[in-house]
Amino acid sequence: MERTLVLLKPDALHRRLVGDLVARFERKGLTLVGLKMVHASKELAEKHYAVHAARPFYQSLIGFLTSGPTVAIVLEGREAVAAVRSEEHTSELQSHSFIS
């Protein structure tokens with residue numbers, strides 16, 4: 001079994017999509033094994049996204065991530081990473097920053 005971390009970012013919460021997103025993963029056969037709502041500090045967001053520090057969008061990304069709560073979920077299942085990545089590419093999710 002494989003596990004993966006999924007972050008449902010502030011816009012997912014503002015749009016009340018958390019339940020729908022979790023249900024999508026469950027329909028793909030993944031099991032929810034952990035869930036926690038966090039409000040990321042600037043320091044945590046900067047550490048998590050340090051790979052993007054030189055990019056022009058970095059400061060707005062950090063501002064977005066710290067603008068509200070994030071729901072961190074751990075999913076488990078066969079090929080969990082691939083299943084999450086395929087879900088990221090659906091049309092609804094492609095236009096929003098719900099998952100990382």
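Just after helix α2, Gly-29 takes a positive phi of about 95°. This value, like every other given here, comes from a predicted model.

Helix α2 itself spans residues 18-27, and its buried residues are Leu-21, Val-22, Arg-24 and Phe-25. Viewed down the axis of α2, these buried residues fall within an arc of 155°, so they line one face of the helix. The other side of α2 carries Gly-19 and Arg-27, both of which are exposed. The spacing of such positions follows from helix geometry: an α-helix has 3.6 residues a turn, so residues three or four places apart point the same way.

Helix α5, covering residues 80-88, can be read in a similar manner. Its buried residues are Ala-80, Ala-83, Val-84 and Glu-87. They cover an arc of only 95° around the axis, which puts them on the same side of α5.

Strand β3 comprises residues 70-77; six of its eight residues are buried, so the strand is largely enclosed by the rest of the structure. Strand β1, residues 2-8, runs antiparallel to β3 and is joined to it by seven bridges. Strand β2, residues 31-38, is likewise antiparallel to β3, with seven bridges joining the two.

Notes
Residues are numbered from 1 along each chain as its sequence is written. This is a predicted model: local features need pLDDT of at least 70, side-chain atom pairs count only at pLDDT 80 or more; totals for chains, interfaces and linings use all residues. Side-chain values use heavy atoms; hydrogens and water are left out. Buried means under 20% relative accessible area, exposed over 50%, partly exposed in between (1.4 Å probe, protein chains only). Helices (H or I, at least four residues) and strands (E, at least two) are DSSP runs, numbered from the N terminus. The arc is that of the directions from the helix axis to the C-beta atoms. Two strands pair if DSSP finds at least two bridges between them.
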